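User: I would like to go through this model by question and answer, with the cut-offs stated.

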Amino acid sequence: MEDLARVAIEEAERQGATYVDFRYQREQFEGVETKQGKVEAVERTHSEGFGVRVLLQGSWGFSCSPELSRSRVVQTIRNAVKIARASRKVQQSPVTLDDSPLATQDYQTPYRIHPFSIPLDEKVYFLEEAHARMAKVNGIYLTEGALRFWEKEICFASNQSGFVRQKILESGGEIACYALKNGELQRRSYPSYHGGNVATAGFEFIHELSLVENASRIAEEAVALLSADPCPTLTTTLVLGSSQLALQIHESVGHATELDRIFGTEISFAGGSWVKPTDFHSLRYGSEWMNIISDSTLPRGLGTYGFDDEGVPAQKVYLVQNGILMNALSSRETAVKIGMRSTGAMRADGWNRIPLVRMTNVSLEPGPLSLDSLLSDVQKGIYMETNKSWSIDDRRLNFQFATEYAREINHGKLGRLLKNPLYSGITPRFWGSMDGVGDASTWQLWGIPTCGKGQPMQSAHVSHGAPVARFRNVQVTSSK
Amino acid sequence: MLERKKIYQTLDTVLNFSTADETAVILISEDLALTRFANSEIHQNVEERNTTVRVQTICGKRMGVASTNDLTPAGLKEVVSKSMDLAHYAPENPDFPGLLPPEPVPAFEPYSPDVESFTPGKRADAVKTFVKIARASRLSCAGYVSASSSTVSYGNSRGACLSACSSLVNAELITFGETSSGYVSRFSHRLQDIHFEEIAQEAVQKTLQGANPRELQPGEYPVILDTPAVVDILTYLAFYGFNARAVQEKRGFLTDRLGEQIFSPLVNIVDDYTREENIGIPFDYEGAPRQKVILIEKGVARNLVYDSITAFREGKKTTGHALPPPNTWGPVPLNMIFLPGDTPKSEMLQSVQKGLWITRFHYTNTVDPRKFILTGMTRDGTFWIENGQITHGVKNLRFTQNIIDAFRNLSMVSREAYGVGEEWYKAFAPAVKIDSFTFTSATLF
């Protein structure tokens, strides 16, 4: 592969490119899905190829091929150069790249048990057993389960760096059940919606998920929700559980701090950002309690790697510190425009896609409060957990989330169950109202393997660490 | 795209490698070229060519699926072996009815060779046209133009052997002023159908018309939903409504409601691949011929779409709407058409005393799939209508709406209609007038 990378770099330079990178990627996926305890889907996929990016007089061209031969590499480079030449026809100013130090070391996800080595029946056991426990609960009429595993091997080289490799392994799983009564449907998921939970780890992570151990509980909760009161409509104190807060971070902080969105290059599809390029070190994003970190070195995150798809090493940076916007998720091209260096967040979802600025592991740092002390300061309020529905405007300001589960908070204690809860807000007001953050015991890392962005559409695997947190004066209601 | 001869050879090779009881193979070969622009310059320009082979093997009632893009004999042998390995160890699925026998499928290929002439240079010229027209009104622009062609082929050990190719040209443009934006999107299987200057002029007009938008209190208003907003709702109807599996699992809003008048009598929706506006192919991913299915007739829920598994459960025949295996979501109508009405858009506008014109929604999502409550934001062209005329732009609003109620309150359907959509879903639709639509909050722009 190193030979092919060299061929690509030499040919691109011969064609007049000032920058070229070569990325080979090989991906394998295995998934098992059950419904009602029966295996309905067993799948293995494999995709392999290379992509090249060239900068010709400051304009980008990208081309790719699944065919790994010297002649195909030369042809692909020539095509990328032709495309870059066309891009120059409509260019305001030439692209420049920052001077980030580039990766020199290979990387591999640490793991104990490779999931592809585990027999299918052992994988299916977890899902069948979880089904059996969910189905035992009176009122449950449908159960689902899934385990998913990805292995990704990447080789990267550019005319500004050496040749580096990395191998990423991801494992995850989920279960869910549905209760139905008089036309009303309630769903409970574990560990969360959006693929359950996924980590850069081996099959040991599936054991740690405790799918079977939690099956009865979620089934009982789903049935109980059918007879719960609807969440009332009011402005109140809202305490968000870790998994829902993870999605809140994803939608209202993660995407909003992607520097390509801030510069408007994602506006036509996924949208832009309310953050302006001049806002760094001055914009108040939230309250003093708000400390958001992008950390691609965090163990087990889906945004954990040795280097990004531009060869920039993994790193840890504050995006928001004590409520002030400090940095962005960025690339070499976007970072240089704000006088900073890339935060190593360029990621592609395959050999046939260009890297885009994506989330890594974007987390809210834990605070000092135990769950009990966080709740104790709430006379009246609502606790919500497990996302059910999500929507936010194209500048990441107006959001509305529904969750599967809610409890009333009364004089500092969790009270009656509430169904069909949803809450809404405006990003800086919402984060500005945060006045309590749970401690490390409430903090959990959530892997989301379904983050969409780009045209052609790309799906990224990202993680968010979140504690429990408290927000004041939030509009809550129930879906009617 | 792969040549047909190579495609058929590959199908044969896979079927010959397999020793399973039954084997099916889906081969998808695609070429894609896409030029993306923002801030009035090209910032992304990509081309891709790839072929994926998906192999489904069946041993008794056990099934495995594996896929690869390695088309060498060794790669194909390996993918068959992986698929059989999975099928060998998978538990039995008593609901699996087996592969379908071959059936005749009409020849139909919405393919135009002119897409191949949409080279990087021509795509840049199209963007240049957008930029020039936007600049003349002091606007910037963003969007993409793309050309793709693909061949979907299906073969199985019962003798089915099918192949159909299609092409797609897409142009999406948003023009931006200081305080407003305007969106226009068109697609066709022919490059010659895409009129870049007209697209730019329409987007510019929307942007200028929406400048200095005013705030509007959330509440219930009459609305005219333009085609892109209607297609957004149709997407959710396709996945959550007419999907037989969603009904069998009681997840969908049409559960126990077939034959019922659920929408206004003005609503007529069909799934029909033969309408060239939708770029459909004549068979599904199980090799079954796609049927034309009447989904909503004069507001009455008439039919669902089926694949072989959902049809088997009800003792019916598939309607040819299977997605690629393994598929736990269920069948989906991929070529939906909301039939146009007879009211010109101008007349619809004149009929509104006070209300809103919505161009497009953003980040729509289900709040409750069973009740069919959706939420989402307006964007890129939201206007206030007063006394039958658009008077000014409005800052964007969030809707949270039971769509069954909304379509029941639908009082006009436009004569004008066109196809619009994103990569994953496209449909053909008119604009509609809805007498009451609920907006639950507003945003800051």
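User: Which strand do 2 bridges join to E9(B)?
Analyst: The model is a predicted one, in which local features need pLDDT of at least 70 and side-chain atom pairs count only at pLDDT 80 or more, while totals for chains, interfaces and linings use all residues. Residues are numbered from 1 along each chain as its sequence is written, and chains are lettered from A and ligands numbered from 1 in the order in which they are written. Strands (E, at least two residues) and helices (H or I, at least four) are DSSP runs numbered from the N terminus, and two strands pair if DSSP finds at least two bridges between them. By 2 antiparallel bridges, E9(B) is joined to strand E10 (residues 300-301) of chain B.

User: Which residue in the turn of the hairpin of E9(B) and E10(B) has a positive phi?
Analyst: B:Ile296 stands opposite B:Ala301 in E10(B). The hairpin has 2 residues between its strands, and the turn residue with a positive phi, about 50 degrees, is B:Lys298.

User: Which residue stands opposite B:Ile269 in E9(B)?
Analyst: Strand E8 (residues 269-271) of chain B runs antiparallel to strand E9 (residues 293-297) of chain B, with 3 bridges joining them. The residue opposite B:Ile269 is B:Ile296.

User: Why is strand E17 of chain B largely enclosed by the rest of the structure?
Analyst: A residue is buried if 20 or more other C-beta atoms lie within 10 Å of its own, exposed if 12 or fewer, and partly exposed in between, with C-beta atoms placed from the backbone. Strand E17 (residues 426-442) of chain B is largely enclosed because its buried residues number 13 of the 17.

User: How many bridges join E16(B) to E17(B)?
Analyst: E17(B) pairs in the antiparallel sense with strand E15 (residues 397-402) of chain B over 3 bridges, where B:Phe399 has B:Phe439 as its bridge partner. Strand E7 (residues 220-225) of chain B is also antiparallel to E17(B), with 5 bridges, and B:Val223 is opposite B:Ile434 there. E16(B) forms a hairpin with E17(B), leaving 4 residues between them. For strand E16 (residues 410-421) of chain B, also antiparallel to E17(B), the number of bridges is 8.

User: How many residues are in the largest nonpolar core?
Analyst: A nonpolar core is a set of buried Ala, Val, Leu, Ile, Met, Phe, Trp, Tyr and Cys residues joined through C-beta atoms within 7 Å. A:Val54, B:Cys141, B:Val230 and B:Leu234 touch the most other members of the largest core, whose residues number 289.

User: Which element gives the most to the side of chain A that touches chain B?
Analyst: Two residues are in contact if their C-beta atoms, placed from the backbone, lie within 7 Å. On that basis 62 residues of chain A are in contact with 67 residues of chain B. With 12 residues, the element giving the most to the chain A side is E2(A).

User: Which residue in E3(B) is the bridge partner of A:Thr45?
Analyst: E2(A) runs parallel to strand E3 (residues 62-68) of chain B, joined by 3 bridges. In E3(B), the partner of A:Thr45 is B:Ser67.

User: Is A:Arg72 buried, exposed or partly exposed?
Analyst: A:Arg72 lies in helix H2 of chain A. Leaving out residues up to four places away in sequence, A:Arg72 touches A:Ser65 and A:Glu67. With 16 other C-beta atoms within 10 Å, A:Arg72 is partly exposed.
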